[in-house]
Amino acid sequence: MRSVIHPSTRWIHVRQPLELKTDTSFYELTCLPCHHSYVVASSVLAVRLRINELAFGYAKYQSAWPEQSPLAISRLTNLLSEYGIKLRLPAYDITSKVEADDLLREFGLTSASLEQKCLQQVRNVTLSEDALIQQVGLWERAIRESVSKLDEIEIQVIHDTTVEQV
């Protein structure tokens with residue numbers, strides 16, 4: 001069964017915070033550092049707006065990416081739940097990019113990616129299992145440190161909309 005995003009679901013677009021109130025110098029060239037920022041920005045908004053669920057567009061066909069690995073998802077789920085926030089992954093059962101594009105078109109949405117693109121994503125390194133465990137552990141620790149200082153982190157909202165307005 002697929003999750004369906006309700007038309008009144010809010011999408012809040014924010015500028016990626018640069019100051020995360022923790023050391024981030026340990027990251028390998030993966031998407032983990034940016035996802036650290038995404039989690040922190042989302043958590044700041046969740047606390048300020050009293051939102052108890054956050055959704056990310058993780059998909060099973062991308063589960064080899066460190067931030068979308070079962071290990072990272074488990075750690076992130078547990079961390080957010082400590083703050084009363086439920087992690088939702090409505091697209092996680094999608095097993096291919098073709099299937100994702102087909103579903104987006106079926107719902108009348110663009111299949112053009114709305115996510116940021118960066119050179120790090122292009123150079124994304126493949127981590128060994130040991131390196132993945134190490135990096136995800138450091139990622140979790142760094143996110144935990146940032147989340148403990150949410151009131152000190154500045155978030156700039158670029159656009160606030162609902163799914164039905166997209």
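This is a predicted model: local features need pLDDT of at least 70, side-chain atom pairs count only at pLDDT 80 or more; totals for chains, interfaces and linings use all residues.
Buried residues are those with under 20% relative accessible area.

Figure 1. Helix H3 spans residues 97-106, and its buried residues are Glu99, Ala100, Asp101 and Leu103. An α-helix has 3.6 residues a turn, so residues three or four places apart point the same way. Just after H3, Gly108 adopts a positive phi of about 75°.

**Figure 2. Overall arrangement of the protein chain.** Five helices and four strands make up the secondary structure of the protein chain. Read from the N terminus, these elements follow the order β-α-β-α-β-α-α-α-β. Of the 166 residues in the protein chain, 37% are buried. Among contacts between residues at least 6 apart in sequence, 79% join residues at least 24 apart. The protein chain has an accessible surface of about 10,000 Å², and carbon and sulfur atoms account for 53% of this area.

**Figure 3. The aromatic pair Phe26 and Tyr27.** Two aromatic pairs occur in the structure. In the pair shown, the ring centres of Phe26 and Tyr27 lie 4.3 Å apart with the planes at 45°, and the pair is therefore tilted. Phe26 and Tyr27 are both buried.

**Figure 4. The aromatic pair Phe56 and Tyr58.** The ring centres of Phe56 and Tyr58 are separated by 5.6 Å, and the planes meet at 20°, so this pair is stacked. The cut-off for stacking is an angle under 30 degrees between the planes. Phe56 has a relative accessibility of 11% and therefore counts as buried. Tyr58 is likewise buried, at a relative accessible area of 2%.

**Figure 5. Lys21 in the loop between strand E1 and helix H1.** Most residues other than glycine have a negative phi. Lys21, a residue other than glycine, has a positive phi near 60°. Its loop connects strand E1 (10-15) with helix H1 (32-49). With a relative accessible area of 26%, Lys21 is partly exposed.

**Figure 6. Arg50 in the loop between helix H1 and strand E2.** Arg50 is not a glycine, yet its phi is positive, at about 55°. The residue is placed in the loop between H1 and strand E2 (53-55). Arg50 is exposed, and its relative accessible area is 76%.

Notes: Residues are numbered from 1 along each chain as its sequence is written. Side-chain values use heavy atoms; hydrogens and water are left out. Helices (H or I, at least four residues) and strands (E, at least two) are DSSP runs, numbered from the N terminus. Buried means under 20% relative accessible area, exposed over 50%, partly exposed in between (1.4 Å probe, protein chains only). Contact means heavy atoms within 4.5 Å. Accessible areas come from the Shrake-Rupley method with a 1.4 Å probe; for residues, only the protein chains shown count as cover. Rings of Phe, Tyr and Trp (its six-membered ring) pair if their centres lie within 6.5 Å; planes under 30 degrees apart count as stacked, over 60 as edge-to-face and the rest as tilted.
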